[in-house]
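Take a look at the model below. We will go through a sheet, the helices on it, and then some aromatic contacts.

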Amino acid sequence: MTRVSSAEFRHPDSERLLGFCRARYEGHDLTLREPEHGTLVADMGFAQVTIEAARGACRIRIACDDAALLPEFRTGIASLLASFDAALPPLCWSGAAAAGALPPTFAAGRVVDCRPLGRSWWRMSVGLAPDGFARFSSETHWHVRLLRPARPDRRSVWPWLTERGTIAWPEGRDRLIDRVFTLRACDAATGTVVFDIFRHPGAPTSDWAAANPVGRTVGLMGPGAKAGPYVDGPERLLAGGDETAVPAILRGLEGLPVGTGGDVVLLVGDAADRQDVPANGPEVTWLLRSEGATDETLMDALRNRYVPGSVDTRFWFAGAKSSAREMRAHFLKVAAVPKDRVHAVGYWS
């Protein structure tokens with residue numbers, strides 16, 4: 001990882017700082033290492049954050065291969081530290097430049113299509129300029145942040161870089177609504193990216209999509225980490241999730257090696273929400289809320305499909321945060337699946 005940015009500061013309770021960061025990163029299901037006392041390494045595969053804290057001296061180092069991601073990591077760490085101790089002054093990061101510019105992961109686009117997908121989603125297509133499309137069509141990273149003004153009568157004011165190398169966000173009347181989605185497809189011929197928005201009446205983004213925003217200008221930031229299930233070599237996959245996780249799971253299934261075995265359980269509204277899945281891959285079961293299925297039904301189905309003592313199973317789950325915690329605890333402590341083969345993350349509270 002050739003792109004590095006670091007910052008140093010002092011705090012009298014460095015042990016508590018490490019414990020706080022460890023707990024937060026564990027909640028995001030990251031791979032953590034502590035190579036020596038006073039050092040915590042959070043590994044995302046495409047980036048690493050190293051926190052060193054001892055006797056009041058603290059140092060944070062970000063390493064990745066994509067320099068465009070550094071402002072987002074710096075901003076995330078600034079938010080993390082503010083949650084730990086609001087009295088900490090802003091960090092001075094190495095390599096910060098281009099104050100006032102748009103973040104390098106940002107691109108403005110235009111909504112070119114928005115239509116129902118089954119009964120649970122809106123499928124949205126956003127057109128991008130060629131340079132923006134090239135970045136967002138990555139096969140490595142799938143998460144994108146959709147940005148739009150909270151007030152539709154306001155001109156869009158997009159995020160900008162500060163002199164410290166972090167990202168500043170507009171506030172007050174210029175505040176943006178910021179939601180994360182999984183890219184389902186990228187069409188190079190039209191320069192469009194496609195993602196699915198869960199239909200939840202009363203939710204700002206769902207209601208906005210229902211009002212047919214074709215022609216509206218939006219912002220995209222990212223793409224972020226790879227979002228869907230995968231296997232490493234000759235593993236079996238056991239995966240599941242609710243409507244919010246279906247886009248990530250289906251994209252993950254499309255990228256699995258042909259013949260990958262296993263089971264996938266998806267909880268959706270009704271039969272209209274079933275979608276095509278790869279024929280030569282894990283068996284997919286659709287649970288329908290219209291027939292009485294619940295989040296507990298989903299979790300029971302996943303527990304029952306695990307073969308005790310299996311040494312080649314990779315588990316992947318996304319849905320409500322409470323369900324993700326329960327699934328993580330079960331497959332780590334009860335099923336005894338190795339930690340590096342258990343992924344369970346909350347997509348909503």
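This is a predicted model: local features need pLDDT of at least 70, side-chain atom pairs count only at pLDDT 80 or more; totals for chains, interfaces and linings use all residues.

A residue counts as buried when its relative accessible area is under 20%, and as exposed when that area is over 50%.

How many strands form it, and in what order? There are 5 strands, and the order is β1-β5-β4-β3-β2. The sheet is open, and the pairing is antiparallel. At the edges lie β1, residues 3-10, and β2, residues 31-33. Each of these edge strands pairs on one side only. From one strand to the next, the twist averages 15°.

Strand β2 pairs with β3, which spans residues 39-43. The sense is antiparallel, and the pairing runs over 3 bridges. Look for Arg33: its bridge partner is Val41 in β3.

Next come the helices. Helix α1 covers residues 14-27 and packs on the sheet. Helix α1 touches β1, β2, β3, β4 (47-54) and β5 (57-64). The direction of α1 makes about 155° with that of β4. Helix α2, residues 70-84, also packs on the sheet. Its contacts are with β1, β4 and β5. The direction of α2 makes about 150° with that of β5.

Turn to the rings. The structure holds 6 aromatic pairs. One of them joins Phe20 and Phe84. This pair is tilted, with 5.4 Å centre to centre and 50° between the planes. Why does the pair tie together parts that are 64 residues apart in sequence? Because Phe20 lies in helix α1 and Phe84 lies in helix α2. Is Phe84 buried or exposed? Phe84 has a relative accessible area of 8%, so it is buried.

Another pair is formed by Phe106 and Trp158. It is tilted as well: the centres are 5.1 Å apart, and the planes make 45°. Phe106 lies in strand β6, residues 106-117. Trp158 lies in the loop between β8 (143-149) and β9 (160-161). The pair therefore ties together parts that are 52 residues apart in sequence.

Tyr306, Phe315 and Phe331 form one aromatic cluster. At Trp122, the ring has a charge over it. That charge is the charged end of Arg199, which sits 3.9 Å from the ring centre.

Notes:
Residues are numbered from 1 along each chain as its sequence is written. Side-chain values use heavy atoms; hydrogens and water are left out. Two strands pair if DSSP finds at least two bridges between them. Helices (H or I, at least four residues) and strands (E, at least two) are DSSP runs, numbered from the N terminus. Axes are lines fitted to C-alpha atoms, for helices over the stretch in contact, and angles run from 0 to 180 degrees between N-to-C directions. Contact means heavy atoms within 4.5 Å. Rings of Phe, Tyr and Trp (its six-membered ring) pair if their centres lie within 6.5 Å; planes under 30 degrees apart count as stacked, over 60 as edge-to-face and the rest as tilted. Buried means under 20% relative accessible area, exposed over 50%, partly exposed in between (1.4 Å probe, protein chains only). A charge sits over a ring if NZ of Lys or CZ of Arg is within 6 Å of the ring centre and within 35 degrees of the ring normal.
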